[in-house]
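Morning, everyone. Let's look at the model.

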Amino acid sequence: MSLHFAVNPLRRALLGVSASAAAMASLGPWRSALAQAARPLPAFAAWKDAGAMIVHSPNTIELRRSAMGDGVITPAKHLYVRNNIAPPSADILNDRDAWEVQVDGVRRPRAFRLADLKKMPTETVTMVLQCSGNGRGMFPSKPSGTPWQVGAAGCVMWTGVPLRALVRELGGMDAGAKFLTGTGGEVIPAGLDPKTRIERSVPVAAMEDALLAWELNGQPIPLAHGGPLRLIVPGFTGVNSIKYVKRVGFTHAESDSSIQQADYRMSAPNAKTMNPADPSVWQMPPKSWINSPLPEGGTLRAGAAVIKGVAFGGTNAVKQVEVSTDGGATWKVAALVGPDLGRFAWREFAATVDLTSGSHQLASRVTDVKGRTQPETRIENKAGYLNSSWRDHAVTVTVA
Ligand SMILES: Nc1nc2c(c(=O)[nH]1)N[C@H]1C(S)=C(S)[C@@H](COP(=O)(O)O)O[C@H]1N2
Ligand SMILES: [Mo]
């Protein structure tokens, strides 16, 4: 069956117009590929590389594992997108320099225009941006939420003003401030609970590494990634890096927003509701995964093969990566390749291994400079956060 003829019944089915069960069934192996193709990129992310992305929904778009391979920096067109609520209108990019951010919880609170920030000394940080739920799709418990595989992550460069410089300029933060709280610029529709605003608090020590950034990989930040201005909290999961940031505050308490209190908590798998007393999802644990070879690459030839992937330590630099071709029974140290872009970036790794014919479970595990090693098992939790299990991220390949 040609693709051309196959598309129409499927499209009709997805649009709910008309399609017989027989027509759907006749699509056979094309069906899932077409279902992906039929879910287009939303307008605000239409510039992404469609063939490389998996569109779960207009607000949840991940990079295919097979497209993660080349280069340490993830190009913006390959960076995943996650919005908890609809992004603001693209009009906020019409006059980027006029965007205002309020800084509170300091001796001299004030608003800065982006134009003001651009006059201050800038810094660039390269870091892994990873959704708290990356790897959720590997939880056998099937937690609700997007079933991300590995692609809700990228390694990108942010340029902006370090928060600590702003705080210094404003006379220091309030005595007793315990949290750095960032507020997103989404407009909450009238009648909606203001607690639905996108506002996150992290321990105030994170301020040392945080930026107010206006460039992503050297370009103005696109709307999809939080332009005109984004709070960047290196080493922490994506949710803590607030897009379209309109306020940063040094606060005594955590935000009362639901995204702080009720969501992003490591609650027990059987908990009825998320408990604000449970640990918040903040720093990322060490994690690595293999991007090549993958099962979808087909059968491999017996002999030498190169295993490649990415590894990061969360808040710490990578010390070592090991790979296994026998499901973790034995391990071999991989080479770290490509540039070292600092402790918040990921490292590419490569190892040449000898593969005999048969089925092989390929795995990788990272150890950071503080001696923390990526664990075999995930931490079970209700919402499927922080999956860093090397076993879950292993791939099984067939060798002829
Ligand atoms: N203002 C705002 N910031 C936000 C979000 C959001 O919905 N609104 N989503 C968060 C989540 S859950 C993630 S994983 C990252 C995703 O960043 P990206 O879309 O640039 O990849 O942004 C975070 N910052
Ligand atoms: Mo996220």
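Start with the largest pocket: its lining takes at least three residues from each of domain 2 (82-261) and domain 3 (287-399), with bounds from an automatic or database domain assignment. The model is predicted: local features need pLDDT of at least 70, side-chain atom pairs count only at pLDDT 80 or more, and totals for chains, interfaces and linings use all residues. Residues are numbered from 1 along each chain as its sequence is written, ligands are numbered from 1 in the order in which they are written, and side-chain values use heavy atoms, leaving out hydrogens and water.

A pocket here is an open set of points on a 1 Å grid over the protein atoms alone, where a 1.4 Å probe fits, with protein on both sides within 12 Å along at least five of seven lines; lining residues have an atom within 4 Å of a point. In the largest pocket, 15 residues form the lining, and I54, R64, R65, Q149 and E296 lie nearest the centre.

Now the second largest pocket. Its lining also draws at least three residues from each of domain 2 (82-261) and domain 3 (287-399).

Next, ligand 1. Which residues come nearest? Y80, N84, E186, H225 and K243, out of 20 around ligand 1, where near means a heavy atom within 4 Å. Polar contacts are pairs of N or O atoms within 3.5 Å. A backbone N or O atom of Y80 sits 2.7 Å from a ligand 1 oxygen. A polar backbone atom of N84 is 2.7 Å from an oxygen atom of ligand 1. The E186 side chain places an N or O atom 2.6 Å from a ligand 1 nitrogen.

Methods. Polar contact = N/O pair within 3.5 Å; in protein donor to acceptor, adjacent residues only side chain to side chain.
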